[in-house]
Amino acid sequence: MLQETIDKDQAARPWQDYVVPQRWEAFTAEVHAVWDLLFARQVELLGSRVVSPFLDGIDLLRLSHPGVPDVEGLNAILEPRTGWRTVAVPGLVPDDIFFAMLSERIFPVGNFIRTRDQLDYLEAPDCFHDMFGHIPMLAHHDYAEMTRHIGELGLAAIAADQGHKAARLYWHSVEFGLAKEEGELKILGAGLASSFGEAHFSLENVAVERLPFSVERAVNTPYRHDTFQPRYLVSQTLEATVAEVLALTPDGLLAL
Ligand SMILES: [Fe+2]
């Protein structure tokens with residue numbers, strides 16, 4: 001009986017197969033030093049060019065403490081606040097698994113970090129991208145709820161064989177979105193906030209397109225994952241984008 005209950009639970013949560021121990025205690029001094037180098041460099045680069053809830057999240061989660069954060073320490077702050085928690089994964093997870101995690105307020109973070117001689121080259125998102133780029137915004141209640149909702153939309157879209165619609169919505173908001181804050185253009189997405197090269201590029205390059213964000217535009221705008229984006233969608237305010245995404249139903253997404 002007990003085994004049957006466990007099996008059912010496992011079937012309902014296929015993402016659990018992708019979770020591994022972070023093994024924080026096994027990280028070498030070099031791993032922590034690479035984190036510290038990336039953290040110091042990125043904080044200086046971003047300055048106030050990123051939305052303020054991101055900077056609030058960095059403080060709240062004490063990400064400036066030296067060394068790679070351990071997932072349990074992060075969760076001790078994050079979970080009571082917004083219900084989100086992080087789990088360690090060995091690399092990219094499939095889209096359906098990723099969206100399933102988001103729908104349950106689980107964010108997967110890589111259990112590895114890039115090497116010092118490849119600070120700007122990533123084959124797969126590492127713990128700096130995941131923890132520095134994504135986790136601060138998950139301490140913001142409304143944004144956290146929007147991210148969970150995208151997870152649900154993603155599962156529905158994949159079930160309807162239209163997963164690309166949810167992937168684009170995610171990409172143009174959570175990963176590579178820009179946002180206006182008190183009239184100023186700021187970085188919103190984790191892919192930009194954690195990137196040394198693309199952070200300033202996204203704000204300053206004169207050749208790229210910057211178009212107002214709407215759910216419809218996001219869903220119908222393809223993206224590049226192999227190079228800098230040729231266009232960015234700009235949330236007119238963070239609150240407006242959160243409200244628009246939260247109002248989107250699975251059927252509404254599929255109809256776009
Ligand atoms: Fe990401």
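Biologist: Is glutamate 30 buried, partly exposed or exposed?
Modeller: In this predicted model, glutamate 30 has a relative accessibility of 38%. Buried would require under 20% and exposed over 50%. Glutamate 30 therefore counts as partly exposed.

Biologist: With which residue does glutamate 30 form a salt bridge?
Modeller: Glutamate 30 belongs to helix 2 (residues 29-46), and its partner is found 86 residues away, in the loop between strand 2 (106-110) and helix 6. The closest N and O atoms of the pair are 2.8 Å apart, and the partner has a relative accessible area of 42%, so it is partly exposed. That partner is arginine 116.

Biologist: How many residues apart in sequence are the parts tied together by arginine 41 and aspartate 120?
Modeller: These two residues form a salt bridge, with 2.6 Å between the closest N and O atoms. Aspartate 120 is exposed, its relative accessible area being 54%. Because arginine 41 lies in helix 2 and aspartate 120 in the loop between strand 2 and helix 6, the parts tied together are separated in sequence by 79 residues.

Biologist: In which helix does glutamate 204, the salt-bridge partner of arginine 49, lie?
Modeller: The N to O distance in this salt bridge is 3.9 Å, and the cut-off is 4 Å. Arginine 49 is partly exposed at 33%, and glutamate 204 is partly exposed at 46%. Arginine 49 sits in the loop between helix 2 and helix 3 (52-60), so the pair ties together parts 155 residues apart, with glutamate 204 in helix 10.

Biologist: Which residues are the protein donors of the iron ion?
Modeller: The donor residues follow the spacing H-x4-H-x40-E in sequence. The donor atoms lie 2.1 to 2.4 Å from the iron ion.

Biologist: What is the geometry of the site of the iron ion?
Modeller: The angles among the four donor atoms run from 55 to 142°. A tetrahedral assignment would need all angles between 85 and 135 degrees. The site is classed as irregular.

Biologist: Which residue in the turn between strand 3 and strand 4 has a positive phi?
Modeller: Strand 3 (residues 178-181) and strand 4 (residues 184-187) run antiparallel and are joined by four bridges. Glutamate 181 stands opposite glutamate 184. The strands form a hairpin with two residues between them, and the residue with a phi of about 50° is glutamate 182.

How values were computed. Residues numbered from 1 in each chain as written. Predicted model: local features only at pLDDT ≥ 70, side-chain atom pairs only at ≥ 80, totals over all residues. Heavy atoms only, no water. Pairing = 2+ DSSP bridges. Donors = N, O, S within 2.8 Å, 3.2 Å for Na, K, Ca; no water. Tetrahedral: all angles 85-135°; square planar, octahedral: opposite > 155°, others 65-115°. Salt bridge = Lys/Arg side-chain N within 4 Å of Asp/Glu carboxyl O. Buried < 20%, exposed > 50% of the residue type's maximum accessible area, 1.4 Å probe, protein only.
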